[in-house]
Amino acid sequence: MPLEMYSNILQRFNQNIRRESFNIVNFIASQDHRTFWFASGRSLLAFAQLTFLLTTPFISFIVPVGANTSAKCDGVRSVSLLCIYGGDNYLDQKRWILIFILTIVLVGIYPRYTGIFHVWATFSMSTSFTLPDGGDAIAFIVSVFILPLCLIDSRVNHWSRPKDKYSISFSAVCAGTSIATRFQIAFIYLHSAIAKMGVEEWANGAAEYYIVRDLGFGISDPFKNFVLSLTDNPWGTLTLSWSAIIFGIVIAVCILLGKKTRIFGFYLDLVFHFAIIVMIGLWSFALTMIAAAAIAVNSNIPYYRSKESEFFDIEE
């Protein structure tokens, strides 16, 4: 009798293993990053950095800081675009090269090839600027994470619907890269939220009072009077400060869950960063984070090309 019981248990265990293995294989085989989410996220990532390259004097990012009197070119930074022919030469020409690279990424042309140049451009800005924008490092990280997806993408344009399904090996690349990207973006939000708890002004809810009154990044019109009045009230300041922490934690958790929850987290991300834009500006940083979230929530289930439509529809 015990032997028969153990045999039944072992049989059910083997059946469960086979069933789960089949589910995993099916999941991997279904993965394909070539969706509207990926295209819009990648384009927005490039657009975010274009905003400050086109609106801010380039020299503002390469000012003397400490021992650095030109672009940072030590060590691995020597391969940066800004370090070709020296860190303080041909800066305007290098700026236009960066603009050109980001523009073709924005348009979506040949992701297999432009993905490599995108990594080079984001690496150059995140490591060689002496006064980098807050979103530069995030843009570089995301461009590196999606590079494998770009390399297996043979489309002429990332806005085009795919013609056919990926092979199982390419689908495995999509699955692994997408999961890794979600964990990375979730970690960024979670780390930011938890780190705030260790700062006295954030923990006691007073942080936003000082942020909106900062001379460099403080609140501006048309919401200036409303926000200043709101933060004059201790409960208003407490609510704004802890909302930033709670939003970060919730967004991080949502990104790691199922498709519908990830999309819900993306909408929370839009609200969160739109509030940052309204209150203190930081357009490029906010757009970079929204782009990263769009790529992270990607369903990986594309609509394949039909005779009627070659490109993605907005509602997808």
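Angles under 35 degrees count as roughly parallel, over 145 as roughly antiparallel, 65 to 115 as roughly perpendicular, and whatever is left is oblique. Keep that in mind for this predicted model, where α2 and α4 cross at roughly 40° and therefore end up oblique to each other.

**α2 with α4**
- Helix α2 covers residues 36-55, and its axis comes within 12 Å of the α4 axis.
- The two helices cross in a left-handed way.
- On the α2 side, the contact is made by Arg42, Leu45, Gln49, Phe52 and Leu53.
- Facing them from α4 are Pro111, Thr114, Gly115, His118, Thr122 and Met125.

- Val107, Ile109, Tyr110, Tyr113 and Val156 make up a nonpolar patch on the surface, and together they have about 460 Å² of accessible area.
- One of these, Tyr113, sits in helix α4, which runs over residues 111-128.

**α6 with α10**
- Helix α10 (residues 234-255) packs against α6 at an angle of about 155°, with the axes 8 Å apart.
- That angle makes the pair roughly antiparallel, and the crossing of α6 and α10 is left-handed.
- From α6, the contact residues are Arg182, Ile185, Ala186, Tyr189, Leu190, Ala193, Lys196 and Met197.
- From α10, they are Trp242, Ile245, Gly248, Ile249, Ile251, Ala252 and Ile255.

**α6 with α12**
- Helix α6 spans residues 168-197 and helix α12 spans residues 283-296; their axes come within 9 Å and cross at roughly 140°.
- So α6 and α12 count as oblique to each other, and their crossing is left-handed.
- α6 brings Thr181, Arg182, Ile185, Ile188 and Tyr189 to this contact, while α12 brings Met289, Ala292, Ile295 and Ala296.
- Arg182, Ile185 and Tyr189 of α6 are among the residues touching α12, and they also turn up in the contact with α10.

Terms used
Residues are numbered from 1 along each chain as its sequence is written. This is a predicted model: local features need pLDDT of at least 70, side-chain atom pairs count only at pLDDT 80 or more; totals for chains, interfaces and linings use all residues. Side-chain values use heavy atoms; hydrogens and water are left out. Patches are made of residues with over 30% relative accessible area and no salt bridge: like charges are joined within 9 Å, nonpolar side chains (Val, Leu, Ile, Met, Phe, Trp, Tyr) within 5 Å. Accessible areas come from the Shrake-Rupley method with a 1.4 Å probe; for residues, only the protein chains shown count as cover. A salt bridge is a side-chain nitrogen of Lys or Arg within 4 Å of a carboxyl oxygen of Asp or Glu. Helices (H or I, at least four residues) and strands (E, at least two) are DSSP runs, numbered from the N terminus. Axes are lines fitted to C-alpha atoms, for helices over the stretch in contact, and angles run from 0 to 180 degrees between N-to-C directions. A crossing is left-handed if the near helix is turned anticlockwise from the far one by less than a right angle, and right-handed if clockwise. Contact means heavy atoms within 4.5 Å.
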